[in-house]
Amino acid sequence: MLEITLDKSKVQEFLRLLGQNRRLFAPVKDRMGTTFSEVVDPSLVCLDGLNTNLSPKEVVFPQWETLYTFEEDQANEVKLVAQETLLFGARPCDARALELLDRVFTWERIDDPYYLHRREKTCVVALACNTPGEACFCSSVGGSPVGEVGADVLAFDLGEQLYLRALTERGEALLNEASALTEKATEEDKRAVQQAAAEAEKQLQPIPIPKDLAALKESFDAEIWENLGQKCLGCGTCAYVCPTCHCFDITDETKKGVGRRVRSWDSCAFSLFTLHGSGHNPRITQAARYRQRVLHKFLYCPENFGEAFCVGCGRCITNCPAGLDLRAVLERLASLAKVG
Amino acid sequence: MTKETNEKMSGNGWEPRIVAFLCNWCSYAGADLAGVSRIQYPPNVRVIRVPCSGRINPLFIVKALQAGADGVLVSGCHPGDCHYISGNLYARRKFALLKSLLEYVGIEPQRVHFSWVSAAEGARFAEILGKVIDSVRSVGPANRMIKRFKEVA
Amino acid sequence: MNQVEETLRQEVAKLLEDGTIDVFVGHEAVSLPLRTSPCFVRSPKEVDRLVWDRICTRNLATYLPQLFKRPVGLKGEWTPPKVGVVAKGCDSRSIVGLIKEKQIPRDRLFIIGVGCEGMIDRHSVGRVLGVVGLADAKVDGNSVQVIGTDGREKRIDIADVLAASCRECQHREAVLSNLTVGEAPSSAPEVSHYANVAGFELKSSQERWEHWVEELSRCIRCYACRQACPNCYCEECFAEETAPQWLGVTTDLSDVFVFHLGRAFHQAGRCVDCGACVAACPQGIDLRLLNQKINKDVEELFEAQASLSLEEAEALSSFRMEDDQSFMTEP
């Protein structure tokens with residue numbers, strides 16, 4: 001498929017051109033480093049940050065959205081008309097997370113139209129990593145700093161220029177739109193990319209991941225959860241910054257006979273997450289809730305989808321106000337398996 | 001808000017909608033007295049009766065603004081006259097902080113009012129209400145912090 | 001290791017050995033630089049986990065109420081544990097507040113007070129580094145040596161990256177303690193701890209509104225601020241009540257305003273400006289600009305500061321006949 005290079009001085013023009021009939025989402029400078037934002041002025045795009053503070057999952061799974069509105073006894077469906085969207089500069093971990101989210105939102109009997117109408121209109125240009133971020137461990141959970149899963153185009157930062165490789169027909173069509181600004185990649189360029197990829201992969205230290213599902217099941221009553229549960233504050237930070245977390249709450253908001261049913265992000269770490277209408281809460285301790293978070297990602301999702309729902313982006317680690325480090329937890333769990 | 005804009009808006013038929021939380025024993029009775037005494041005052045107020053001004057949860061005022069009230073009035077017994085002895089004295093502290101906080105975040109101070117009106121002060125109630133309505137009129141329809149439902153996410 | 005850390009470990013070991021306490025709440029090291037995690041030490045053999053340095057930002061008082069709650073599903077007799085905790089000035093004030101509000105029992109608490117001249121705000125360090133991440137950092141006297149993910153090293157004065165609440169702190173020593181370790185801290189510089197608020201008050205209504213719209217648009221309703229705050233211990237927060245539903249759960253700006261105004265107001269007369277909320281926020285929202293406004297009003301109108309002593313009643317649980325009422329509407 002198409003392999004091209006783009007002079008970095010032309011990136012703004014490239015984005016302006018492609019953004020003409022699309023919404024553009026790209027990393028911008030932010031007081032927390034960089035963050036994904038809808039961008040109208042491409043000069044604000046910043047590709048020098050490592051991972052963004054918040055993941056780009058908002059592009060396909062916003063923090064909240066209206067499912068339908070109602071007035072008296074009449075329900076009105078929301079028109080699902082997403083705009084063509086270009087998600088530019090997502091790291092391979094984030095792109096891979098989108099592919100995992102795809103599986104959840106098309107699971108078994110349900111094809112979630114709210115998710116899909118956005119996802120189908122989103123073209124993903126992933127930007128490979130040259131150096132790992134503060135807490136990255138993508139290669140330990142089946143990903144790679146130069147991974148292609150979930151992306152339509154994979155870009156490499158080669159210093160003076162970007163190299164871009166189309167991965168899908170949609171990606172190729174996108175790149176062709178900007179052919180006036182780009183050059184075909186030379187053999188030298190391709191060698192530089194291979195070099196960069198090898199360098200990037202070398203820099204990641206592998207960490208132990210518990211892969212023995214039976215052993216993980218056994219860990220349900222282990223003391224480790226009590227110890228971790230004591231530290232966990234029970235906020236929603238980790239779930240909200242995580243690119244693969246997808247749980248949501250559905251609530252109604254009404255005002256005098258007019259209203260809307262909305263869904264919004266939810267976190268299994270919240271104490272109310274499993275609160276029943278009766279008042280009973282099966283996960284009444286923070287230990288039980290923290291255990292749920294980890295086992296969902298590393299046991300139940302592998303059982304349901306064949307893969308752990310963690311792409312190793314490290315955002316939960318860098319953002320946790322309690323200083324909890326998932327890598328340390330995984331290491332303990334992996335060692336428990338060896339002992340047991 | 002210029003005088004011209006204000007007149008234009010009133011010309012468009014906009015009338016301030018004020019929510020008034022009145023304590024049962026003093027201010028509500030005072031408002032009632034204004035009514036039976038046939039004291040004229042503008043019809044812009046919707047009254048909510050509460051047992052005591054101390055019962056007012058600051059969130060009531062915030063929610064009234066969120067619901068689209070152009071102004072809010074909270075009125076209770078004069079200090080020393082509270083039917084529950086000291087409810088209004090605790091309330092006074094809460095209201096001082098709340099008014100200051102709302103102004104601080106950019107809610108126009110002309111929208112939020114607190115007063116003391118006793119059961120015998122029908123005329124005073126009408127006067128204060130008139131003042132409140134004029135005050136709200138001077139800043140126009142509320143457009144900050146209103147939760148709007150017609151728009152779809 | 002520094003002297004305070006060493007003494008702390010020794011004292012805690014003694015307290016655990018002689019049964020004065022059953023568990024000690026402190027800070028322990030984590031792999032990420034400039035961070036710690038709360039630590040629950042139950043045996044003298046574990047005291048080496050405890051650390052004390054210019055990176056112990058969190059407010060440990062948040063972790064105390066849960067220790068005094070009967071474990072769910074436990075049958076039979078249960079007595080609350082005796083709990084030890086290390087406390088900076090702000091932590092100790094939060095503890096005073098929690099004792100007054102009957103969330104923790106004074107007689108089962110052993111407080112080790114430590115003088116504090118301010119903790120490092122890692123977000124400030126992040127801003128010095130720019131978009132480059134923080135690979136490593138080492139506190140060295142009054143400065144911190146940092147290494148970015150690009151390999152470049154930098155020496156930063158701790159004074160330049162102090163947490164904002166630390167910069168303006170007037171209570172460097174614990175206001176309540178059973179034991180003090182370490183030297184007394186130098187006296188706090190005479191700075192107005194409301195300078196940010198005073199400056200903000202001078203802006204126009206429109207400017208203030210626009211500031212809060214921009215600032216609160218960043219909120220993702222994760223509730224990290226609430227969970228990190230020692231004063232927020234309600235089993236059901238107003239933000240989650242459904243009968244009545246005070247506010248929606250989304251990031252609809254109107255609801256975000258209601259949440260932060262409500263939470264700030266619930267702190268009135270109780271907030272000790274420990275900065276835990278700001279440190280916890282993943283979006284770096286300056287919540288102090290809101291909380292300090294109420295603190296300033298409480299101090300100016302009612303001559304009260306939160307939780308300095310066990311004897312003083314909280315500002316909103318008391319009143320004076322002469323309280324200010326100049327804000328009220330008269331005909």
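This is a predicted model: local features need pLDDT of at least 70, side-chain atom pairs count only at pLDDT 80 or more; totals for chains, interfaces and linings use all residues.

Me: Okay. How many helices and strands does chain B have?

Reply: Chain B has five helices and four strands. Read from the N terminus, its elements go α-β-α-β-α-β-α-β-α.

Me: And what radius of gyration does chain B have next to a compact globule?

Reply: For 153 residues, a compact globule would come out near 15 Å, and chain B has 16 Å, so the two agree. If you box in its C-alpha atoms along the principal axes, you get roughly 45 × 35 × 25 Å.

Me: How much of chain B counts as buried?

Reply: That would be 52% of its 153 residues. Also, take the contacts in chain B between residues at least 6 apart in sequence: 83% of them join residues at least 24 apart.

Me: Now chain C. What's in there?

Reply: Chain C has 11 helices and nine strands. The C-alpha trace of chain C spans about 70 × 60 × 40 Å along its principal axes.

Me: What share of chain C is buried?

Reply: Of the 331 residues in chain C, 47% are buried. As for contacts in chain C with a separation of 6 or more, 71% are between residues 24 or more positions apart.

Me: How many residues go into the contact between chains B and C?

Reply: Chain C puts in 34 residues and chain B puts in 35. On the chain C side, helix 7 (205–216), helix 9 (253–266) and helix 11 (288–302) each give at least two residues.

Me: Switching to chain A: at what angle do helix 7 and helix 9 pack?

Reply: In chain A, helix 7 (residues 224–231) and helix 9 (residues 286–305) pack at about 105°, and their axes are 7 Å apart. Angles from 65 to 115 degrees count as roughly perpendicular, so that's what we call helix 7 and helix 9 of chain A.

Me: Which residues meet there?

Reply: From helix 7 of chain A you have Trp225(A), Glu226(A), Leu228(A) and Gly229(A), which meet Gln286(A), Ala287(A), Tyr290(A) and Arg291(A) of helix 9 of chain A. By class, this contact has four nonpolar, two polar and two charged residues.

Methods: Residues are numbered from 1 along each chain as its sequence is written. Chains are lettered from A and ligands numbered from 1 in the order in which they are written. Two residues are in contact if their C-beta atoms, placed from the backbone, lie within 7 Å. The radius of gyration is taken over C-alpha atoms; the globule rule is 2.2 Å times the number of residues to the power 0.38. A residue is buried if 20 or more other C-beta atoms lie within 10 Å of its own, exposed if 12 or fewer, and partly exposed in between; C-beta atoms are placed from the backbone. Axes are lines fitted to C-alpha atoms, for helices over the stretch in contact, and angles run from 0 to 180 degrees between N-to-C directions. Angles under 35 degrees count as roughly parallel, over 145 as roughly antiparallel, 65 to 115 as roughly perpendicular and the rest as oblique. Ala, Val, Leu, Ile, Met, Phe, Trp, Tyr, Cys and Pro count as nonpolar, Asp, Glu, Lys and Arg as charged, and the others, Gly among them, as polar.
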